[in-house]
Amino acid sequence: MTIRYLTLMFQMETKRMERTEIVESSDIEYPKAKLYKRWFSGLMDIILTLFIGFLLYGITALVTNYVPSYKENSQTRLKLEIESGLYDSTGNLILNTLEDSKDSYDSKKTNLSKAIDGFYSNSTFFDEDTAMNQYKGRKENAVDKDGNKLFVLDSNSNLTEGNLKAETYYDFYVYEISNYSIALLSSSDLFQTTSRVIVLTSIIEMFICFGIGYFISFNLIPMFLKRGRKTFGMYLFNLSVLTDEGLVVSGKKFIARQLLIFFIGYILDIFTVFIPFLVSMAMMHLSKRGQDFFDYVSGTYIIDSKNREVYMSIEEYNQANKVKQMARIENKDYQPKSELH
């Protein structure tokens, strides 16, 4: 289906006796952009946005690591991780370190057991014995797949490992660290304070970097490819944005349209699980003229401009028509010059 007669209201107006006189008006036909082209165009723009966003985020993260306050905060968290005994001297979780090692299960489970005992006994993270007592309770109730108890009481009424396979105890300690120890470390006040700064910094940097990527892909590029206000994807698939007058969208109207898309289609989407996006896509597929929500509100259309001219102004359209008229062989005023002498 084509958008038949997007009226080009090429109207030159003059005030005569308090009324407006329309001097000129004409029509032009543009084909409606096919849906698959619009989808692939949007996909290319999203890929470009993500590429720019990840590139900027990587650069920003490198720069942030040299900021004194951030660097000091990161070092503080690293010290806490190492002091907990759950991480090695380089800040790697001991579970990952031991998993990649070629040590026997007997050696691995011994290292994990010592790390857990040391962590629950560390006064930096625990003021009371609550965490240790809860850990002992889990050990008392621990059984293997056959129902055999993993830990038994020795002559001094202390829980010790039984006679089961070393791998069984290794699995128990891995589960303890993964499901309890790490969570307790993360919930400690000191660790939370340092982690909060790092996490918030990362979120803010990511939001800004991908926001810049969005701005470049959907706003800056069309300001340069202004004939049709094309994004990178629209350029690849020969699509253009026109007003309901059939002209290229002006700078002011384009900015207003993009602000609408940014605040409703970008910001609001984040907090409403993409509801505006879904509504807009439904309108695009159901509308006879292929307008999504943002085109409908701003009075714009996405057209297929392959092998079609799009015009910036009335004057440009009239000039183009004048040239075409002069170039027609049947124009009586057009006299080709003879090259014969």
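Glu 176 is buried, with a relative accessible area of 1%. By buried I mean under 20% relative accessible area, with exposed over 50% and partly exposed in between, using a 1.4 Å probe and protein chains only. Before I go on, this is a predicted model, in which local features need pLDDT of at least 70 and side-chain atom pairs count only at pLDDT 80 or more, while totals for chains, interfaces and linings use all residues. Residues are numbered from 1 along each chain as its sequence is written, and side-chain values use heavy atoms, with hydrogens and water left out.

Back to Glu 176. The residue sits in helix H6, residues 166-187. Helices here are DSSP runs of H or I with at least four residues, strands are runs of E with at least two, and both are numbered from the N terminus. Which side chains make polar contacts with the side chain of Glu 176? One is Tyr 120, at 2.6 Å, and another is Arg 138, at 2.7 Å. A polar contact is a pair of N or O atoms within 3.5 Å; within protein, one must be able to donate a hydrogen and the other to accept it, and residues adjacent in sequence count only if both atoms are side-chain atoms. Setting aside neighbours within four places in sequence, Glu 176 is in contact with Ile 116, Tyr 120, Tyr 135, Arg 138 and Ser 181. Contact means heavy atoms within 4.5 Å.

Now the whole chain. The protein has 12 helices and eight strands. Of its 341 residues, 35% count as buried. Among contacts with a separation of 6 or more, 62% are between residues 24 or more positions apart.

Next, the largest pocket. Rolling a probe the size of a water molecule over the atoms shows where empty space is left. On a 1 Å grid over the protein atoms alone, a pocket is an open set of points where a 1.4 Å probe fits, with protein on both sides within 12 Å along at least five of seven lines; lining residues have an atom within 4 Å of a point. The largest pocket holds about 1000 Å³ of space. That volume is the space filled by probe spheres set on the points, and grid points are joined across faces, edges and corners.

Lining the largest pocket are 35 residues, and Gly 42, Ile 46, Phe 218, Ile 261 and Phe 277 lie nearest its centre. Two or more lining residues come from each of helix H1 (35-64), helix H7 (189-224), strand E7 (239-243), helix H9 (251-271), helix H10 (275-286) and helix H11 (293-298). Which element gives the most to this lining? That is H1, with nine residues. By class, the lining has 21 nonpolar, seven polar and seven charged residues. Here Ala, Val, Leu, Ile, Met, Phe, Trp, Tyr, Cys and Pro count as nonpolar, Asp, Glu, Lys and Arg as charged, and the others, Gly among them, as polar.

Staying with H1, Ser 41 lies in that helix. Is Ser 41 buried or exposed? At 3% relative accessibility, Ser 41 counts as buried. Its side chain reaches the backbone oxygen of Gly 233 at 3.5 Å. Beyond neighbours within four places in sequence, Ser 41 is in contact with Thr 231, Gly 233, Met 234, Phe 237 and Leu 239. Leu 236, in helix H8 (residues 232-236), is 195 residues from Ser 41 in sequence but 7.3 Å away in space, C-alpha to C-alpha. Leu 236 is partly exposed, at 42% relative accessibility.

Over to helix H11, where Phe 294 is found. Phe 294 counts as buried, at 8% relative accessibility. Leaving aside neighbours within four places in sequence, Phe 294 is in contact with Leu 260, Ile 261, Ile 264, Gly 265 and Ser 280.

Phi is positive in both, near 55° for Val 273 and near 65° for Phe 274. Val 273 is exposed, with a relative accessible area of 67%. The other loop runs between helix H2 (68-84) and helix H3 (94-100), and Asp 88 lies there. The side chain of Asp 88 makes a polar contact of 2.8 Å with the side chain of Thr 90. Not counting residues up to four places away in sequence, Asp 88 touches Ile 82, Ile 94 and Thr 97.
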